[in-house]
Amino acid sequence: MLLILSLCLDGVTGVIQDRMKDTGKTHPLHIMLYLNLYSIGLLVTGLLLTGEGIQAVYFISRHPEVFLHLIAFGLASAVGQVFIFVTVTTFSPLTCSIITTTRKFFTILVSVVLFSNSLLSHQWLGVFFVFLGLGLENAIGKKATNSR
């Protein structure tokens with residue numbers, strides 16, 4: 001159920017981002033700031049309602065080395081978000097989606113080759129469809145650009 005919801009929201013996100021890009025010249029860092037503030041509000045609400053925030057504080061106090069890992073993870077996430085938002089506002093959400101899909105695709109292939117992770121036949125079929133989709137997007141995108 002959550003996967004279906006995630007896919008639906010991914011589809012809506014591109015449309016909303018396109019509209020924001022077209023209606024006003026919103027700076028990518030402003031979009032990132034407001035999105036993160038909204039996310040913090042949802043996260044804090046969830047942590048307070050479930051009580052998991054207190055458990056997290058206790059865990060970090062028992063294992064202080066985790067704090068540095070959390071800081072590194074947060075910084076890496078912030079840098080990644082900057083690249084995503086700049087790509088969306090400079091190019092388009094579709095371009096960002098293609099870049100992200102291509103990265104995930106090659107991450108899977110590198111995982112298979114370097115770490116000898118195996119894929120089942122239906123997983124290889126999924127890899128094939130991603131490769132096919134990227135190839136078609138490249139061919140159709142070039143054809144559309146040449147016709148303009």
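Me: Let us start with Phe 128. Is Phe 128 buried, partly exposed or exposed?
Reply: Phe 128 has a relative accessibility of 45%, so Phe 128 counts as partly exposed. Buried means under 20% relative accessible area, exposed means over 50%, and partly exposed lies in between, with a 1.4 Å probe and protein chains only. Phe 128 lies in helix H6. Helices are DSSP runs of H or I with at least four residues, strands are runs of E with at least two, and both are numbered from the N terminus.

Me: Before we go on, what kind of model is this?
Reply: This is a predicted model, in which local features need pLDDT of at least 70 and side-chain atom pairs count only at pLDDT 80 or more, while totals for chains, interfaces and linings use all residues. Residues are numbered from 1 along each chain as its sequence is written, and side-chain values use heavy atoms, with hydrogens and water left out.

Me: How far is Phe 128 from Phe 105?
Reply: Their C-alpha atoms are separated by 9.8 Å, and the two residues are 23 residues apart along the chain.

Me: And Phe 105 itself, buried or exposed?
Reply: Phe 105 has a relative accessible area of 6% and is therefore buried. Phe 105 lies in helix H5.

Me: Which residues does Phe 105 contact, leaving aside its neighbours within four places in sequence?
Reply: Phe 105 is in contact with Val 127, Val 130, Phe 131 and Leu 134. Contact means heavy atoms within 4.5 Å.

Me: Which other residues of H5 are buried?
Reply: Besides Phe 105, the buried residues of H5 are Pro 93, Cys 96 and Val 112.

Me: Does the length of H5 agree with expectation, or disagree?
Reply: The length agrees, because the 23 residues of H5 should span 33 Å at 1.5 Å a residue and the end C-alpha atoms are 32 Å apart. The expected span is 1.5 Å times one less than the number of residues.

Me: What follows H5?
Reply: Ser 116 follows H5, in the loop between H5 and helix H6 (121-147). Ser 116 has a positive phi of about 55° although it is not a glycine. Most residues other than glycine have a negative phi. With a relative accessibility of 63%, Ser 116 counts as exposed.

Me: Turning to H4, how are H4 and H5 arranged?
Reply: The axes of H4 (residues 65-90) and H5 (residues 93-115) come within 7 Å and cross at roughly 140°. The two helices are therefore oblique to each other. Axes are lines fitted to C-alpha atoms, for helices over the stretch in contact, and angles run from 0 to 180 degrees between N-to-C directions. Angles under 35 degrees count as roughly parallel, over 145 as roughly antiparallel, 65 to 115 as roughly perpendicular, and the rest as oblique.

Me: Which residues meet there?
Reply: From H4, Ile 84, Thr 87 and Val 88 meet Pro 93, Thr 95, Cys 96 and Ile 99 of H5.

Me: Could you say more about Thr 87?
Reply: Thr 87 has 15% relative accessibility and so counts as buried. Not counting residues up to four places away in sequence, Thr 87 touches Ser 92, Thr 95, Cys 96 and Ile 99. The buried residues of H4 also include Phe 85, Val 88 and Thr 89.

Me: Finally, how many helices and strands has the chain?
Reply: The chain has six helices and zero strands. Of its 148 residues, 11% count as buried. Among contacts between residues at least 6 apart in sequence, 61% join residues at least 24 apart.
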